[in-house]
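Hi,

Here is the structure we talked about passing over.

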Amino acid sequence: MQPMVFQPIKDTRETAIFPFIRKIDLMSSNSYILSAQNQIALIDPGGLEDQSDLLIREIDLLQDENPRPTVVYLTHVHIDHWIQIHRMMASLPAKQTFVAAQKAGALALECGDCNLTLASLLGKSIKGVSVPIKLLSGAGPDHASFDRAWENRDFADRSAIDLNGWNYEYATDSIGILDGLVLQSQTISLGGGDTLEIFHTPGHSPDSISLRAGPLLFLGDLFFAPNPGTAGAYGWNRQDFMNSILKVIWVLENRPIDICFSGHGRAIDVQTAKKTLEVLYSDAATLENIEEITPQWAKRTSAFAQDLMNELERTFTIIAGRLVYVSHMLSTLEEDAEAKEIDRLLDMQVMDDLFSEFHAFAAQLRAGRRLDIELVHKAGQVVGKLDRIVQREKLSSFLDKSLLSRACRLLSDYAIIYRGYRPPYYVSYVNVNRLIRDILEQLLEKPYDEQAILDAESDEDYRRALSYRIAYVNLFDGIHFTCESGSDDIFARMDRERFSDTFADILERFAGGGAKEIKIAVARNDAWVTIRIAAKGEMQSHPLAQTARFMERSLALSGGLLEILCEEEGPALEIELSGLGEEWPS
Ligand SMILES: [Fe+2]
Ligand SMILES: [Fe+2]
C-alpha cells in the first residue's frame with residue numbers, strides 16, 4: 001500500500017484509501033482518507049497544520065468530483081489525533097462535515113476535557129468540539145446484552161442516521177467471543193454496498209476504537225498502549241487493554257483482514273500484527289500497579305532525567321578515562337592485542353553523540369520548545385541505547401566494581417522510573433558504624449593483588465591482572481579520615497546497598513574536590529540517626545554544589561535525608577536516617 005496516493009481497497013466495490021503516514025512522534029498521528037460512494041471518511045485528522053492542509057486539499061478534490069458528507073472518525077480523543085479539527089471544520093463545508101467518536105470520547109471532546117484528551121500532559125489548551133455521531137452508544141457493555149446476543153444471533157440494534165439529507169444505515173451488535181468477553185461492534189454503510197465496521201477496543205483510553213474497511217483494519221494507538229509514558233496515562237486501563245488484544249486477535253481471525261494500520265508508524269501484515277499483539281499481551285500482564293502518568297510525573301521525571309544524564313556522562317567519562325589510560329600503558333608495555341581489546345570496550349564517540357543529543361534536547365526544553373514528557377521519552381531512548389553499548393561483563397574485569405555498578409544502577413533506575421515504577425527499596429536495620437567501617441575499608445583497600453600479577457599462570461591471566469592494577473586509581477591517597485562513632489550499636493533503617501553506593505560516591509566527591517581531612521561522626525538523637533561528614537583542605541566550593549538535587553534524590557531512595565552545609569572550617573553535610581531509639585538489638 002502506497003502512502004500519499006489514493007488506491008482502491010481490495011474486496012470493496014468503490015472505496016479507495018489515501019494513507020498519510022508519518023514518522024512516529026508525540027505531536028501528530030497518521031491520517032487515512034477513505035473515499036466511498038456516499039461518504040468521505042477521514043480517520044484521525046492528526047495534530048499538525050501542514051498535515052491538516054494537505055488532507056483538506058485532498059478532501060476538497062473528492063468533494064468537487066462527487067459532493068457527499070465528510071465524517072471525521074476519531075480512533076480516540078488524544079489530542080495528537082484531532083487537535084487540527086477546528087482548522088478542518090473551518091475549511092470544509094460546515095453542513096457536510098461531521099465528527100464521530102465513541103461515546104465516552106465524544107462527551108470528553110464536547111466538554112473540552114483536558115485529562116482524557118491528554119491535553120494537560122502535552123501542555124496544550126483545547127476548545128470543545130461538537131460530536132454529533134456518538135459511536136457504539138447503542139451496544140450494551142453488560143453481560144445481559146451479551147447473553148441476549150449469544151442466545152439470539154438476530155439481536156442487533158438496526159437503525160439509520162441522517163447527515164444533511166444523506167441516510168446511513170447502521171447496525172450495532174454485541175458479539176460473545178470468549179468466556180464473558182463481549183466485543184461491541186457497529187457497521188455503518190458507506191454507499192455502493194461498502195461498509196465501515198467499528199469495534200470498541202478500550203484500554204489505551206476508554207474510547208479507543210478500531211475500524212475495518214474491507215481487508216484493512218485501523219487500530220489507533222493499540223500497539224502503543226503498554227509503552228512507557230503512555231501506560232498509566234489518564235484513562236489507561238490494563239485489564240481493558242488485555243481484553244482488547246483478545247478482541248482484536250478475534251477480529252483478525254474472524255474477518256478477512258490483510259493489513260493493519262496504526263495510529264503511528266507504518267502498516268503491518270496480519271501475521272506480524274498477531275505476533276506483536278501476543279507480545280503486548282505479556283507486556284501488559286507485567287504492568288500491575290504502575291504510577292499514574294500525570295503532568296507532575298512528567299515534570300518530576302524530566303528533572304530526574306536531566307540530573308541522571310549529567311551523572312551518567314560524568315561516570316562514563318571517568319570509566320573511559322581509565323580505559324584510555326590502561327590501553328596506553330599496555331601499549332607502552334607492548335601488550336598491543338590487550339590494548340586494542342580495551343579500546344573496543346566502550347565506544348565513547350557514540351556515547352558522546354548520545355549525551356550531546358540529549359543536552360541539545362534539554363536546551364530546547366529550557367527554551368520552551370519541548371515538553372517535559374518529550375524529554376522523558378528522549379531520556380528513555382538514550383538510556384536504552386547506553387544500556388546496549390555497555391559491555392558489563394568485559395568491563396568488570398578491568399574496572400573496580402563500584403564505578404561500574406554505579407553506572408549500571410543509574411541506567412536501571414531510569415528504566416524503572418520511565419516504566420512507571422519506583423526503584424526497588426530493600427529496607428533493613430543496619431548497624432551504621434559497622435557499615436561505615438566496611439565502606440571505608442573497601443574504599444581504602446587496594447582492590448588488586450600484586451601477587452596475582454606475579455603468580456599468573458597464563459598470559460591472559462597476567463594481562464588481566466596487570467590491566468586491573470593499572471586501572472586502579474587511589475582517590476584517597478594522602479587523605480586523613482577520622483570517625484566518631486558515638487556508641488557502637490546505632491541502627492538505622494535504610495536500603496543498605498543503595499546507601500553504601502551513595503555514601504561512597506559522596507566521599508569520592510569530597511576527595512576529588514581537594515579534601516585533605518574528612519571527619520565522619522555518627523550520633524543518635526531520639527528516633528533519628530545523624531551522619532555528619534565534614535572536610536578540610538583546599539576546596540574551592542562544596543563538592544556536592546553542582547549535584548545537590550541528584551544526591552538528595554539518591555539518598556532519599558536509600559532512606560536518608562541530605563542537608564548540605566557550608567561552614568567556616570570547610571564543606572560539610574548531614575544525613576538523617578530513621579533509627580530505632582533505645583530498644584535495639586534485643
Ligand atoms: Fe497517538
Ligand atoms: Fe493515544
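A word on conventions: residues are numbered from 1 along each chain as its sequence is written, and chains are lettered from A and ligands numbered from 1 in the order in which they are written. This is a predicted model, where local features need pLDDT of at least 70, side-chain atom pairs count only at pLDDT 80 or more, and totals for chains, interfaces and linings use all residues.

**The whole chain**

The chain has 17 helices and 22 strands; these are DSSP runs numbered from the N terminus, with helices being H or I of at least four residues and strands E of at least two. Along the principal axes, the C-alpha atoms fill a box of roughly 90 × 60 × 45 Å. Of the 586 residues, 41% are buried. Buried here stands for 20 or more other C-beta atoms within 10 Å of a residue's own, exposed for 12 or fewer, and partly exposed for in between, with C-beta atoms placed from the backbone. If you take contacts between residues at least 6 apart in sequence, 68% of them join residues at least 24 apart. Two residues are in contact if their C-beta atoms, placed from the backbone, lie within 7 Å.

Two packed helices are described by the angle between their axes and the distance between the axes. For the numbers below, axes are lines fitted to C-alpha atoms, for helices over the stretch in contact, and angles run from 0 to 180 degrees between N-to-C directions.

Which way do α7 and α12 run relative to each other, roughly parallel or roughly antiparallel? Helix α12 covers residues 401-418, and its axis is 10 Å from that of α7 at an angle of about 155°. The two are therefore roughly antiparallel, since angles under 35 degrees count as roughly parallel, over 145 as roughly antiparallel, 65 to 115 as roughly perpendicular and the rest as oblique. The crossing of α7 and α12 is left-handed, a label used if the near helix is turned anticlockwise from the far one by less than a right angle (right-handed if clockwise). On the α7 side, the contact includes Phe304, Leu308, Leu312 and Phe316, and on the α12 side Leu403, Leu410, Tyr414 and Ile417 are among the residues involved. By class, the residues of this contact are twelve nonpolar, two polar and two charged. The classes are Ala, Val, Leu, Ile, Met, Phe, Trp, Tyr, Cys and Pro as nonpolar, Asp, Glu, Lys and Arg as charged, and the others, Gly among them, as polar.

Helix α7 (residues 295-332) also packs with α8 (residues 336-343), where the axes come within 8 Å and cross at roughly 165°. That makes α7 and α8 roughly antiparallel to each other, and their crossing is left-handed. Leu323, Val326, Ser327, Leu330 and Ser331 of α7 meet Asp336, Glu338, Ala339, Ile342 and Asp343 of α8. This contact has five nonpolar, two polar and three charged residues.

Both α7 and α8 turn up again around α15, where they and α14 (450-455) are among the elements covering its buried residues. Those buried residues are Arg463, Ala465, Leu466, Ser467 and Ala471. Helix α15 itself (residues 459-471) has 13 residues and spans 18 Å from first to last C-alpha, close to the 18 Å expected at 1.5 Å a residue. The expected span is 1.5 Å times one less than the number of residues.

**Helix α5**

Helix α5 (residues 238-254) has 17 residues and reaches 24 Å, close to the 24 Å expected. Its buried residues include Phe241, Met242, Ile245 and Val248, along with Asp240 and Lys247. Among the elements that cover them are β9 (166-178), β10 (181-191) and α6 (270-285).

**Single residues**

Ala535 sits in strand β20 (residues 528-537) and counts as buried, with 25 C-beta neighbours inside 10 Å. Leaving out residues up to four places away in sequence, Ala535 touches Phe510, Ala515, Glu517, Ile518, Gly570, Pro571 and Ala572.

Most residues other than glycine have a negative phi. Asn164 has a positive phi of about 50°; Asn164 lies in the loop between β8 (157-163) and β9 and is exposed, with 12 C-beta neighbours inside 10 Å. Met4 has a positive phi of about 65°, and its place is in the segment before β1.

Cheers
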